[in-house]
Amino acid sequence: MRGERFLILPGLLFLLLFFGYPLYSILERSLAAPEGLTFARYARALTAHAYLEAWHNSLVFALLSTLAAVAGGLFVAYWTSGLPLRVKGFLMSLYAVPVSLSGLVVAFGFIVLLGRNGVVNQLFAALGLPRFDLYSWPGLFLVFPFYNIPLFALALIPLLETVGKGLMEAARASGATPFQAWVRVLLPALMPGILAGGSIVFAGMMGAFGTTLALTGFAKNLLSLQIYSLVAESTFDLPQAAALATVLMASTGVGLYVLALWERRYRR
Amino acid sequence: MRGLGWSFFTLFLLYLLLPMLAPVVYSFSRLWLDLLPEGFTLEWYARVLRDPKYLEAASLSLRIALLAVAINILAGVPTAYALYLWSDRMGEGLRRLLQVLPLLVPPLVVGLGFLLAFNRPPLALSGTFWIVVLGHAALGFPFFFRTVYAGLAGIEVRLLMEAAQASGAGLWQRLRHVLLPNLLPAVISGSLVAFAISMGEFEVTSMVAGFGTITLPLLLFQSLREDFRAASAVASVLLYTTLLALVGLSLARRR
């Protein structure tokens, strides 16, 4: 069977052509100048006020969204795994829907519910409450857990099934209060899964722009939207977009690396 | 405590279900000005079906998704098989790479990379049908691979293939008549995942597409501003597509 290893070639070729070569092109174009090399685009990416603000916003937005997803996802995963088998199976299929649904459909749904004349705002108006603005930072913070909580819960439920129940019962049997059992026993045991799920959410949030674009256009300054506007708008500048994309990947990469190191401490 | 937990969980389910139901309810209602929608109508679907623009976009999306799936099967199944047999460091490294790839390289970067890489000969694909197909195939590949690889772990691949080899079957015959039939549920699952990704894809498509390649999600993006009624029908159709793919997925897993 060793002779069959050449079957890896189609996949290898695919990865080199559609990931390797495009990534190389990004790096090359971000550095290319008429004569030799230039770091001017990176200098701009790391000094221009608009880009720095975008970078800062993206990091804060991704981190806060990840924390929200972890908090919500832990609860949802724990609650779901305690339900009867059939209900649990159905709910896990349900959680797969937001994860694979087009971001534009989700944007549409939230506009109908929470837009200026949306159902919720009509209800709020009738009750004399202030209007909720979907097209703002709080609005975006309300929309993204729709993907992130199910995504995180789906990543955590398998681990929760294998280690969670037995540990909780053991902890309770040896006299721990529910709170102690959670904090001292369950959370440390779940930590690898929490960090792995958190990585997925964080990375996704750093790169996401479709739903944001559909809701707030270019009004919110995020790194992903800066890159997209350099590609698709009149400010067209692909080499600068390439430099920003490298900064984005490096930021995501450092974040993922830190999370992976943290995760290693829990694996023995 | 349990009561509080249940109310939070119910709130979460509402938060999950209402945004999915909203486009559907909107697409079937004549008017939605007040709190509740009024009147049942199929008019918005009819408007979309009468407009060649939407039909062309739907057929284009379908063709792109099917081709992206076909490319994934051709590239992904042999690779998953080879990596499964290859249990040393290099195989492990490639598997890890395919796990982090979609995290490190988001659709935004795939789109930009494709624009920069495929805009000059020999691969001048900018704005063509094929750049969209290949972009979607690239986005789906890690997920397709993961599903098929997990499927390989569930069957006695090595044993099956060795038995077939001993009885004189050539490599192609073994792949075609032994591996593929046994792996079919996993290949179908992976294909449905890749299909769903492609059908709803907006980010890469909007970066690499030309005027000739307006897919359904791109049209939905336009309609969000121009024709909210038509948008509701298109959004619902995309939702039905995802739901169908996921139902197929759970059927394939059950077998």
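Predicted model: local features only at pLDDT ≥ 70, side-chain atom pairs only at ≥ 80, totals over all residues.
## Confidence

Chain A as a whole has a mean pLDDT of 91. Of its residues, 99% reach 70 or more.

## Contact between the chains

Chain B puts 67 residues in contact with 60 residues of chain A. On the side of chain B that touches chain A, helix H1 (residues 2–28) of chain B gives the most, with 12 residues. That side of chain B is made up of 54 nonpolar, nine polar and four charged residues.

## Nonpolar core

The largest nonpolar core holds 157 residues. Helix H3 (residues 52–85) of chain B gives the most to this core: 15 residues. The residues with the most contacts inside the core come from both chains: A:Ile227, A:Leu244 and A:Ala245, along with B:Leu112, B:Leu220 and B:Val234.

What does B:Leu220 contact, leaving aside its neighbours within four places in sequence? In chain A, B:Leu220 is in contact with A:Leu104. In chain B, its partners are B:Ala231, B:Val234, B:Ala235 and B:Leu238. One of these partners, B:Val234, is also listed among the residues with the most contacts inside the core.

## Annotated domain in chain B

An unreviewed UniProt entry annotates residues 58–249 of chain B as "domain: ABC transmembrane type-1". In the model, this span is 83% helix and 2% strand. Its end C-alpha atoms lie 22 Å apart.

Terms used. Residues numbered from 1 in each chain as written. Chains lettered and ligands numbered in written order. pLDDT = per-residue confidence, 0-100. Core = buried A, V, L, I, M, F, W, Y, C linked by C-beta atoms within 7 Å. Buried ≥ 20, exposed ≤ 12 C-beta atoms within 10 Å, placed from the backbone. Helix = DSSP H or I, 4+ residues; strand = E, 2+ residues; numbered from the N terminus. Contact = placed C-beta atoms within 7 Å. UniProt positions renumbered as here; feature names shortened; annotations may be inferred. Nonpolar A, V, L, I, M, F, W, Y, C, P; charged D, E, K, R; others polar.
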